[in-house]
Amino acid sequence: MLKVLNVVGARPNFMKVAPIVEAMRRRAGEFAPMVVHTGQHYDAQMSDAFFRDLGLPEPDVYLGVGSGSHAAQTAAVMQSFEPVVLRERPDWVLVVGDVNSTLACALVCAKLLVKVAHVEAGLRSRDRTMPEEINRLLTDQVADLLLTPSADADRNLRAEGIPEERIRLVGNVMIDSLFKQLGRAEQSTVREDLGLAGRDYAALTLHRPSNVDDPTTLGRILDALGQISRRLPVVFPVHPRTRKALSEPGLASRLRDAPDLRLIEPLGYLDFLRLYSGARLVLTDSGGIQEETTALGVPCLTLRENTERPVTVELGTNAVVGTDPERILSAARAALDAPRDGRPRPARVPPLWDGRTADRILDALVERTNAS
Ligand code: UD1
């Protein structure tokens with residue numbers, strides 16, 4: 001019986017951990033799972049809504065760390081997580097993704113000689129100005145089991161000198177949640193509530209510090225989005241970081257100039273799934289949404305200069321278009337002018353993005369335990 005502490009911290013963690021905990025509960029003879037929530041994200045719409053939508057059990061431990069500078073937040077997670085590990089003495093700690101909570105908890109375990117499994121290991125943007133890239137590099141260095149979503153991730157890890165026995169290609173666990181929840185999301189009335197049922201619209205998300213923290217950069221992106229909203233409504237669930245950035249007076253006037261850019265509160269998992277799955281076009285700087293649109297064949301423009309998820313471009317529906325307004329506009333025009341019923345080009349769902357990744361993760365944990 002393996003006792004596993006499953007760590008969640010921020011919004012993109014919940015849909016990765018939910019299917020893993022569910023599989024562990026199903027395989028109760030092999031696994032005793034606990035859920036630890038660091039509290040990095042705490043607003044109802046950034047956290048509670050996801051527990052509800054995804055059927056995640058209430059956390060066994062809530063650390064309540066909250067927001068802060070990178071150093072303060074990382075340190076606070078480490079300080080509050082260490083006593084939990086000492087008390088619970090788990091066989092494994094499982095961390096997912098690339099947020100500050102991921103690295104903080106992995107580092108605590110490395111020092112306590114408790115084994116760490118990292119889900120979504122090996123992704124690299126090669127852009128060290130992104131806090132997530134630092135979190136990915138360091139988490140992968142200290143984790144004992146690196147569970148990767150795609151073959152490019154395996155290659156990245158090998159190139160960094162990680163021994164083969166620590167790497168295991170399991171596929172993309174976010175897609176487990178996506179396929180599982182698709183049917184339930186049909187009950188969401190978000191399209192009707194926004195008056196968009198049966199209409200063409202675009203969905204937009206924006207929260208990367210490099211896009212939203214500098215008003216000049218954000219203003220340029222908003223200009224392009226305003227232009228796109230001349231052609232179809234652009235629905236924009238606004239992340240708290242971005243909401244703060246938009247209070248800058250110069251940006252408020254740009255928002256007023258956009259004909260149909262609709263700012264709404266952040267959506268829960270099911271409402272957002274319902275929204276983007278019906279969109280003619282998705283514009284985003286998120287990592288996970290590049291993958292989710294690829295899995296569903298929805299055209300996606302990524303408003304960044306790079307991606308740590310190249311498989312979504314090589315096989316999927318994603319195009320990385322940067323933040324130059326002219327480039328965004330011409331890519332959006334090309335996507336909107338493409339035939340309505342066809343995908344932007346022959347698009348494929350990457351191998352092992354099949355809804356069965358959680359069980360492969362559990363198998364890998366058992367095997368690695370037995371091998372060591
Ligand atoms: C974090 C992750 C990022 C992920 C994103 C998803 C890191 C380094 N970044 O970025 O990889 O894509 O989550 O959302 O871990 N805030 C609230 N309510 C909340 C949470 C945050 O109002 O529930 C506000 C606070 O003002 C906070 C700011 O948002 O200072 C940023 O939150 P933080 O967790 O530091 O980073 P994110 O930008 O959310």
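Q: In what order do the strands of the open sheet of six strands lie, and how do they pair?
A: In this predicted model, the order is 10-9-8-11-12-13 and the pairing is parallel.

Q: What makes strand 10 and strand 13 the edge strands?
A: Strand 10 (261–264) and strand 13 (318–320) each pair on one side only. Between neighbouring strands of this sheet the average turn is 20°, direction ignored.

Q: How do you know that strand 8 and strand 11 pair?
A: Two strands pair if there are at least two bridges between them. Strand 8 (residues 202–204) and strand 11 (residues 281–284) have three bridges, in the parallel sense, so they meet the rule. Ala202 stands opposite Leu281, and Ala203 has Val282 as its bridge partner.

Q: What makes strand 11 and strand 12 a pair?
A: Strand 11 and strand 12 are also joined by three bridges in the parallel sense, against the required at least two. Val282 has Cys300 as its bridge partner in strand 12. Val282 is also the bridge partner of Ala203.

Q: Which way do the residues of strand 11 point, and are they buried or exposed?
A: Leu281 and Leu283 point one way, Val282 and Thr284 point the other way, and all are buried. In a regular strand, side chains alternate between the two faces of the sheet.

Q: Why is the unit of strand 11, helix 14 and strand 12 called right-handed?
A: The label applies if, with the strands pointing away from the viewer, the path from the first strand over the helix to the second runs clockwise. Strand 11, helix 14 and strand 12 make a right-handed β-α-β unit, so their path runs clockwise in that view.

Q: Which strands do helix 14 and helix 16 lie across, and at what angles do they run to strand 11?
A: Helix 14 (residues 288–296) lies across strand 11, strand 12 (300–302) and strand 13, at about 165° to strand 11. Helix 16 (residues 325–337) lies across strand 11, strand 12 and strand 13, at about 160° to strand 11.

Q: Why does Gly97 count as buried?
A: Buried means under 20% relative accessible area. Gly97 has 1% relative accessibility, so it counts as buried. Gly97 lies in the loop between strand 4 (92–96) and helix 4 (100–112).

Q: What does Gly97 touch, beyond residues up to four places away in sequence?
A: Gly97 touches Lys16, Thr102, His118, Val119 and Glu120.

Technical notes:
Residues are numbered from 1 along each chain as its sequence is written. This is a predicted model: local features need pLDDT of at least 70, side-chain atom pairs count only at pLDDT 80 or more; totals for chains, interfaces and linings use all residues. Side-chain values use heavy atoms; hydrogens and water are left out. Helices (H or I, at least four residues) and strands (E, at least two) are DSSP runs, numbered from the N terminus. Buried means under 20% relative accessible area, exposed over 50%, partly exposed in between (1.4 Å probe, protein chains only). Contact means heavy atoms within 4.5 Å. Axes are lines fitted to C-alpha atoms, for helices over the stretch in contact, and angles run from 0 to 180 degrees between N-to-C directions.
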